[in-house]
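Reader: Please present the structure, and then let us discuss its pocket and its charged contacts.

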Amino acid sequence: MSETTISVESAVEEIEEKGDVFKSILRVARYMAIRIVTLFITVLIGIYLVVLIANMGGYVDEIRRGAIREEISMRVYMDPSPEIKQLSSEEKNALVAEQVAIEERRRGLDRPFIIRSFTFLTNAITLDLGFAEDLVSDSGSKQVRLILLERLVPTLLLWGSFSFLLFFTALFAGLFLSRRYGSWLDKLVIALTPTSSAPGWFYGLFLILIFAAVLQILPFGGLVDAPPPESKMLYALSVLKHLILPTMALFLGNVFVSIFNRRTFFLIYSQEDYVEMAKAKGVPDRLLERRYILKPTLPPIITEFLLVVIAVWYGGVITETIFNWPGLGRALYSAIGNFDTAVIVGSQVIYAYLLALTVLLLDFLYAVVDPRVRIGEEGKRA
């Protein structure tokens, strides 16, 4: 075969390879475009439902109008100034109606709720979170953005510590129990799994009773001692001391069912045919677990880990309230109790965006850790 023929064949192969790469890029781009549009529509619908629910379909506006009228009426009728006292009842009523109309206009309550709901939706999509009705930040601001950011750090501290502790404990303990299937320890974990049916705050009540009320070795709640220590080292130790009980409560409420799930998952994969083949070939146990059991389970493990991470944003409404923990969960509890729609919607909007980005990221991570997954390819899971 001549050199000219070889060079032509090489050029053709190179062009074909470039064509395949270009097709792959187009396939991935098309898939990503469709995925982004689909997720955006899903987020849009979800946020609008949150707006409707947080406003009770417009009933919250009626509650606010009633509160405004009651507050202004009391202010006018209880005003000790002579110019107000000498007014007749009709004149006072007219004054109340005038001030109520001004206040409703200032708060936007003069417009129909259906129009205001779409304004809420537009602001939420653009992350214009607006101002809270009742809640304020530590600096005295009513900006929802500042309120959420201030409460994010305590929530990250509590739920980040709990989430990482639970995730890695369940992972390694589940792997350990899968090697000792049927042992007394395995049976003990199975027996204790139903205890996870109780939420973390339920265990928190008992922990407070035992360690704070009876033994008096740990604080009842809060983020730090009062008054806060001046030294940074003592301040950090105080925060860690206050972190123990809520972390223990959340951990006890989830640890056994998480270990049971991981252990069962590993057992299922350890019975696959390719694992039995590897055992027959004499593959060492550690290598067998790492390459043939743990690696195939990476996609669901990664999914669980990322969902746990973004769940940090939610916090724990009841748990943070019980332990007086100044996090996002407690802020959401206060916002629901005060019908503070802006804070409720702002919190859910950010969570929705985080969830959508996580779903998008998982598509790529699946393709990285599992060679069977081809992004955008028909008939394949992505």
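Reader: How many nonpolar, polar and charged residues has the lining of the largest pocket?

Author: The model is predicted, so local features need pLDDT of at least 70 and side-chain atom pairs pLDDT 80 or more, while totals for chains, interfaces and linings use all residues. Residues are numbered from 1 along each chain as its sequence is written, and side-chain values use heavy atoms, without hydrogens and water. A pocket is an open set of points on a 1 Å grid over the protein atoms alone where a 1.4 Å probe fits, with protein on both sides within 12 Å along at least five of seven lines, and lining residues have an atom within 4 Å of a point. With Ala, Val, Leu, Ile, Met, Phe, Trp, Tyr, Cys and Pro as nonpolar, Asp, Glu, Lys and Arg as charged and the others, Gly among them, as polar, the lining has eight nonpolar, six polar and nine charged residues.

Reader: Which helix supplies the largest share of the lining of the largest pocket?

Author: Helices here are DSSP runs (H or I, at least four residues), numbered from the N terminus. H4 (89-107), H5 (113-125) and H16 (341-369) each give at least two lining residues. The largest share, five residues, is from H5.

Reader: Is Glu103, which forms a salt bridge with Arg106, buried or exposed?

Author: A salt bridge places a side-chain nitrogen of Lys or Arg within 4 Å of a carboxyl oxygen of Asp or Glu; for Arg106 and Glu103 the closest N and O atoms are 2.5 Å apart. Both lie in helix H4, three residues apart, which means a separation of about one helical turn. Arg106 is exposed at 59% relative accessible area, where exposed means over 50%, buried under 20% and partly exposed in between (1.4 Å probe, protein chains only). Glu103, at 18%, is buried.
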